[in-house]
Amino acid sequence: MSSRAPSQKLFGSDRSVIEAEIKNMEEVECPVCGIAPKPFAVDYQGFQLCRCPQCDLQFLSPRPTFEQLSEKVYNETYHAETDTSEHLSEASRYQFERQYKMLEKLLGRTGQILDVGCGNGTFLRYGQERGWEAYGCDISLSPYVRESKSFPLREGRLLEIDFGQTRFDAIRFNHVLEHTQNPLAELVRSRELLKPGGVIFISVPNIGGISTHLKNLQSRLHLKSRRWRHYAALHHLWFFTPKTLRQLIEHSGLRVLHWETPVFKKEGQSVLLETVQRGLFEKSHTSSILDFYCTFAN
Ligand SMILES: [Zn+2]
């Protein structure tokens, strides 16, 4: 019998709750090297964090299956967090503007964009105002985006959706890849869906950043009550550094056009602090977000 109410999120629960809810997890191999990983830590929920001994890619193994995640994590408790307001926060506006500007610079124009994991659709509606033709997909569409009917929508995993003859100038994975069962397969599929000269945008948490290094140290020294919580294991299955994300991208037949570790303006933050942080963490590539823009390798 679980001690968790149906509306309560599973992430952040204690180890006893996780063990009661998720049984028979699956072992995972490195998608790049095809070998078993080595564990380096166990988080407060009991999840084992692993690293590939060959390429250093970090991931969860064993991990919940897709079916378990769909039932226990990506359910109504996940959508409850979806922001349905039309008002964009300052941080979102800055992020959208920065991503669209870079896509437009690399493509030389706007075009058709597919947002994988489109959530409430605010990124796509923002793009429509800039002249982009928007398409969205998500493993589970929120009622809000379904009712908005602002652009064509598909529900399901990218690997299983039939887009017919439609191909895209840009495909966006914004904090999506770390949630998928096989990020290499996602990139290979997105390559098939890309028009010649198109750009794939990937954003993931940067575990090579300063903040992760500090929290790793606190976790190792038992200075945190919830050790390794910053890895967000359960819904995050993969953990990337600039090096390991680049390896994955190149292994999928893509090449990197541009990469950066952006610092997003926080609500109410002073311009001075923002400028200082940007100067420190963007120049040294050590902020907590990793953004890669890619295209076909040849
Ligand atoms: Zn590997």
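Buried means a relative accessible area under 20%, exposed over 50%, and partly exposed in between. The model discussed here is predicted.

Q: Is Ile22 buried or exposed?
A: Ile22 sits in the loop between H1 and S1. The cut-off for buried is under 20% relative accessible area. Ile22 has a relative accessible area of 6%, so Ile22 is buried.

Q: Which residues is Ile22 in contact with, leaving aside its neighbours within four places in sequence?
A: Val42 lies 20 residues from Ile22 along the chain, and their C-alpha atoms are separated by 16 Å. With the neighbours within four places set aside, the contacts of Ile22 are Leu10, Pro64, Gln68 and Leu234.

Q: How many residues apart are Cys33 and Cys55?
A: Cys33 is in the loop between helix H1 (15-21) and strand S1 (38-42). Cys55 is in the loop between strand S2 (48-51) and strand S3 (58-60). The pair links distant parts of the chain, and the separation is 22 residues.

Q: Is Cys33 buried or partly exposed?
A: Buried requires a value under 20%. Cys55, at 6%, is buried. Cys33 has a relative accessible area of 22%, so Cys33 is partly exposed.

Q: Which residue in the hairpin of S1 and S2 takes a positive phi near 100 degrees?
A: S1 and S2 pair in the antiparallel sense over four bridges. Pro39 has Cys50 of S2 as its bridge partner. Five residues lie between the strands, and the one with this phi is Gly46.

Q: Which strands stand at the edges of the open sheet?
A: The sheet has seven strands with mixed pairing, in the order S6-S5-S4-S7-S8-S11-S10. An edge strand here has a single partner, so one of its sides is left without a neighbour in the sheet. The edge strands are S6 (153-155) and S10 (254-260).

Q: What is the bridge partner of Asp138 in S6?
A: Strand S5 (residues 133-138) and S6 run parallel. Three bridges join them. In S6, the partner of Asp138 is Glu155.

Q: What angle does the direction of helix H7 make with that of S8?
A: Helix H7 (residues 183-192) packs on the sheet. It touches strand S7 (168-174), strand S8 (194-205), S10 and strand S11 (289-296). Its direction makes an angle with that of S8 of about 150 degrees.

Q: How many residues of S11 are buried?
A: S11 is joined to S8 by six antiparallel bridges, with Val204 opposite Leu290. S11 also pairs with S10 in the antiparallel sense over six bridges, and Phe292 is the partner of Trp259. S11 is largely enclosed by the rest of the structure, because its buried residues number eight of the eight.

Q: Why do the buried residues of H8 line one face of the helix?
A: In helix H8 (residues 210-220), the buried residues are Thr212, Asn216 and Ser219. Seen down the axis of H8, they line one face because they fall within an arc of 65 degrees.

Key. Residues numbered from 1 in each chain as written. Predicted model: local features only at pLDDT ≥ 70, side-chain atom pairs only at ≥ 80, totals over all residues. Heavy atoms only, no water. Pairing = 2+ DSSP bridges. Helix = DSSP H or I, 4+ residues; strand = E, 2+ residues; numbered from the N terminus. Contact = heavy atoms within 4.5 Å. Axes fitted to C-alpha atoms, helices over the stretch in contact; angles between N-to-C directions. Buried < 20%, exposed > 50% of the residue type's maximum accessible area, 1.4 Å probe, protein only. Arc of directions from axis to C-beta.
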